[in-house]
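User: I would like to learn how to read the features of a structure like this one. Please take me through them one at a time.

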Amino acid sequence: LGGNIYRVTMGDNVAPGSWTMVKIASLGCDTTAACTDNRKFLFAPDVLADGNGYIVLLGSGDREKPLLIDNLVNNYFFTVKDQPTDADWLTDEFATCGAEVLCLDSLLSIGSGTPDATDLAAKKGTYLVLLPTEQVVTSAITIFGVVTFSTHSPALPDLDACASNLGTARVYNILHANSAAADGLTRSEELPGDIGLPPSPVAGMVTLDDGETVPFCIGCSSASPLEGEEPEVPAAGVPAQSKRRIYWYIER
């Protein structure tokens, strides 16, 4: 909850006592120094393979206290590159961050525009600027290069209102490569109704009655956070080997 990202290296047939953990990013504050109000990561990241490294995608926000209208934290959606096989990947950041870790200055800030390839290549990731008081309140999921997550902005309390206002929820669909709008028009759309905090998106493959297996995503549509839709399959088609989360239990 300090806004840090860690890499845990387990290896093949390595005893848990020999596992190693390294902090690769310090993003809770604007620098690596401690601050009073820090960003928080309350959801596990989405991780993409990128050659010999990885791309880590996650957004900051405090879902435990989503209605704090006077929250002074500037939250972002982060795309962080990690190269575990590059011994200088983190040590090179000492001159920029004052520590051997990625910090906010290691990443490219993305506002309303779309960065070009040169600007992206000069940094070790990006952070997408959100609206004031807006915060990420779900995990992210990437399907065919499109990253989906949802945010929430609290509403100003109205003491004369007879009904509650749960704020504004938005769903984002952006390209993981440059944070551009997936549809070429807008990065996010407001979810209809007074829904409050939307659930995290879910995706997978489903076999239809006719035997055809197609991809699906629940929570990627701006029509409803509970509505399912079929993502657009790229020209290259569905990967032959799908990736999934694996959980295991070690009995001691």
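Analyst: The largest cavity holds about 50 Å³ of space. This is a predicted model, in which local features need pLDDT of at least 70 and side-chain atom pairs count only at pLDDT 80 or more, while totals for chains, interfaces and linings use all residues. Residues are numbered from 1 along each chain as its sequence is written, and side-chain values use heavy atoms, with hydrogens and water left out.

User: What is a cavity, and what is a pocket?

Analyst: On a 1 Å grid over the protein atoms alone, a cavity is a set of points where a 1.4 Å probe fits but cannot get out. A pocket is an open set with protein on both sides within 12 Å along at least five of seven lines. Lining residues have an atom within 4 Å of a point. Grid points are joined across faces, edges and corners, and a volume is the space filled by probe spheres set on the points. By this rule there are two cavities of 30 Å³ or more.

User: Which residues line the largest cavity?

Analyst: Its lining consists of F43, A44, L58, G59, F77, V136, T138, S139, A140 and F149. By class, the lining of the largest cavity has seven nonpolar, three polar and no charged residues. Here Ala, Val, Leu, Ile, Met, Phe, Trp, Tyr, Cys and Pro count as nonpolar, Asp, Glu, Lys and Arg as charged, and the others, Gly among them, as polar.

User: What is the volume of the second largest pocket, and how many residues line it?

Analyst: The second largest pocket has a volume of about 420 Å³. Its lining has 20 residues, and V146, N173, A182, E229 and E232 lie nearest its centre. The elements that give two or more residues to this lining are β10 (146-153), β11 (168-175) and β12 (188-190). Sorted by class, the lining of the second largest pocket has eight nonpolar, six polar and six charged residues.

User: How should I read the strand labels and the pairing of strands?

Analyst: Strands of a sheet pair through backbone hydrogen bonds, either parallel or antiparallel. Strands (E, at least two residues) are DSSP runs, numbered from the N terminus, and two strands pair if DSSP finds at least two bridges between them. In this model, β3 (residues 46-50) and β4 (residues 53-59) run antiparallel and are joined by five bridges. D50 stands opposite G53 in β4. The two strands form a hairpin with two residues between them, and G51 in the turn has a positive phi of about 65 degrees.

User: What is the strand order in the open sheet of three strands?

Analyst: The order is β13-β14-β15, with antiparallel pairing. Its edge strands, each pairing on one side only, are β13 (202-207) and β15 (228-229). Six bridges link β13 to β14 (residues 213-218), and A203 stands opposite C217 in β14.

User: C217 is a cysteine in that strand. How many disulfides does a search of the whole structure find?

Analyst: A disulfide is a covalent bond between the sulfur atoms of two cysteines. The criterion is a pair of cysteine sulfur atoms within 2.5 Å. The search finds three disulfides. With the bonded cysteines of the chain numbered in sequence order, the pairing is 1-2, 3-4, 5-6.

User: Is C35 buried, exposed or partly exposed, and what about C29?

Analyst: Buried means under 20% relative accessible area, exposed over 50%, and partly exposed in between (1.4 Å probe, protein chains only). C35 has 32% relative accessibility, so C35 counts as partly exposed, whereas C29, at 10%, counts as buried. C217 is buried, with a relative accessible area of 0%, and C220 counts as buried at 7%.

User: Where does R39 lie, and what lies by its side chain?

Analyst: R39 lies in the loop between β2 (20-26) and β3. Its relative accessible area is 3%, so R39 is buried. A polar atom of the R39 side chain lies 2.9 Å from the backbone oxygen of L27. A polar contact is a pair of N or O atoms within 3.5 Å; within protein, one must be able to donate a hydrogen and the other to accept it, and residues adjacent in sequence count only if both atoms are side-chain atoms.

How values were computed
Helix = DSSP H or I, 4+ residues; strand = E, 2+ residues; numbered from the N terminus.
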